[in-house]
Amino acid sequence: MQDEITIIGAGIGGLTLAAALEKKHIPFQLYEQANSFEALGYGIQVSPNIVRVLWALGLEKELENISHRCLGFELRSFNSDNILAKWQIDNKIPYYQCRRADLHQLLFDSIEDKNRIHFSQRLESFQQKDHKISLHWQNSQPTTTTALVAADGVRSQVRRSLFPGNKAQYAGYAAYRAILPFKDKYRPLWGKATVWMGENHHVVVYPNGNQENSTPWLNLVLVVKDANWNEQGWSIPADKQAVAQDFVNQSEELKEILEDMIASPEPCFKWGLFIHQPLPYWSQDKVTLLGDAAHPMLPFQAQGAAMAIEDAYVLAEYLGKEKEIEKAFIKYQQTRLKRATKVQQVSRNNADIFHASGVKALIRNFGLGLVSATVPNLLNQKTAWIYDYDILSN
């Protein structure tokens with residue numbers, strides 16, 4: 001295919017698509033509303049299903065250099081600090097954890113022709129007519145394109161145009177993100193992801209960065225039920241003292257981490273979590289959606305960025321194989337929609353598991369302890385359909 005593809009949004013999904021298209025010598029233009037490239041975000045879990053994709057893009061060594069290798073998981077009680085379950089990952093492909101900003105930068109650096117990336121370009125509207133798409137920008141003259149891929153995130157302008165009645169609902173949770181320089185006293189947390197679970201609360205802690213090649217950090221994600229409506233954004237400053245008070249717990253280790261968070265000059269950000277109902281389709285003629293624009297999801301399976309990366313790889317494959325853009329877009333949708341929708345639903349269901357209380361929490365804790373002590377590999381099998389998925393062979 002030689003038709004030029006226009007991509008809206010230079011986040012992880014948009015950059016992955018651009019990198020994949022460039023490798024296939026498919027022309028593209030990538031538009032980003034920010035004024036310049038900014039490597040954004042705190043921690044991200046890079047599970048084996050997308051490590052395969054990043055390796056296919058030639059980023060194996062670079063990914064290793066910026067990442068912490070996660071070897072297992074540990075679930076602990078928010079109230080007693082007892083270990084509820086722990087298990088080792090049995091996948092031969094690495095499970096990495098790194099700063100989202102480092103992965104974002106890595107993808108940006110992998111694109112050779114930076115002249116195809118345009119900043120300060122906010123899309124206001126588009127129209128499809130006579131096999132062309134007219135793009136109207138906030139601060140520049142209209143342009144035309146043959147095909148449009150919207151990787152413009154959870155607030156996608158393109159999705160709103162295609163589905164004006166699809167409204168997000170506040171999920172009733174507030175989430176906080178913070179990051180701390182990794183200290184020797186955090187050493188027991190190395191090599192795993194640790195989750196403290198409690199009534200209406202949970203905290204995820206994991207290291208970021210490769211100690212040999214990059215600065216290591218400790219990433220914190222704190223989620224609490226919050227009846228107040230919160231803006232759907234990633235960069236609302238939070239009062240760290242108030243956050244720590246909301247997460248009073250019985251773990252000396254977690255208490256110390258929260259004290260370090262308060263004392264650290266690093267900011268803490270809050271955002272409201274929203275539920276988006278699955279879309280019936282993603283593609284309409286020569287327009288399609290990718291990543292959060294297609295399937296925004298709650299963060300309780302740590303697969304939001306992963307699904308965007310999978311989307312990008314599959315879409316690039318079909319654009320390379322099909323002569324007609326519409327056919328490529330439909331095949332991409334047929335391949336991806338069912339899997340991404342299932343991950344959306346699992347992410348939503350996990351909220352109830354993480355925040356169970358009363359009898360439900362007792363049943364959860366007993367079940368986790370029994371499985372962990374007798375057949376811990378069952379916990380790996382529960383997520384095998386996500387992590388073992390080899391998109392390169394599909």
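This is a predicted model: local features need pLDDT of at least 70, side-chain atom pairs count only at pLDDT 80 or more; totals for chains, interfaces and linings use all residues.

Colleague: What makes α8 close to the expected span?

Modeller: Helix α8 covers residues 304-321 and reaches 26 Å from its first C-alpha to its last, against an expected 26 Å at 1.5 Å a residue. Helix α9, residues 325-354, reaches 42 Å, and that is close to the 44 Å expected for its 30 residues.

Colleague: Where does α9 bend, and by how much?

Modeller: At R336, by about 35°. That is the angle between axes fitted to the seven residues ending there and the seven starting there.

Colleague: Why is A356 called buried?

Modeller: Its relative accessible area is 9%, and buried means under 20%, so A356 qualifies. A356 is found in the loop between α9 and α10. Its C-alpha is separated by 6.9 Å from that of N200, although the two are 156 residues apart along the chain.

Colleague: How many aromatic pairs does the structure hold?

Modeller: It holds 15. In one of them, the rings of F73 and W87 have their centres 5.5 Å apart and their planes at 35°. Centres have to lie within 6.5 Å to pair, and planes under 30 degrees apart would be stacked while over 60 would be edge-to-face.

Colleague: How do you know that the charged end of R116 sits over the ring of F28?

Modeller: It is 5.6 Å from the ring centre, and the distance has to be within 6 Å. R187 lies over the face of W190 in turn, at 5.3 Å from the ring centre.

Colleague: Why is the disulfide count zero?

Modeller: A disulfide needs two cysteine sulfur atoms within 2.5 Å. The sulfur of C70 is 12 Å from the closest cysteine sulfur, in C98, so that is too far for a bond. By this rule the count comes to zero. C70 counts as buried at 2% relative accessibility, and C98 is buried at 0%.

Colleague: What makes β8 and β19 edge strands?

Modeller: Five strands form an open sheet in the order β8-β2-β1-β12-β19, with parallel pairing. β8 and β19 each have a single partner strand, so one side of each is left without a neighbour in the sheet. For β8, two bridges join it to strand β2, and two strands pair if there are at least two bridges between them. L30 stands opposite I117 in β8.

Colleague: How do you know that both faces of β3 are covered?

Modeller: G43 and Q45 on one side, and I44 and V46 on the other, are all buried. Strand β3 pairs with β7 in the antiparallel sense over four bridges, and Q45 stands opposite Q97 in β7.

Terms used
Residues are numbered from 1 along each chain as its sequence is written. Side-chain values use heavy atoms; hydrogens and water are left out. Buried means under 20% relative accessible area, exposed over 50%, partly exposed in between (1.4 Å probe, protein chains only). Rings of Phe, Tyr and Trp (its six-membered ring) pair if their centres lie within 6.5 Å; planes under 30 degrees apart count as stacked, over 60 as edge-to-face and the rest as tilted. A charge sits over a ring if NZ of Lys or CZ of Arg is within 6 Å of the ring centre and within 35 degrees of the ring normal. The expected span of a helix is 1.5 Å times one less than its number of residues.
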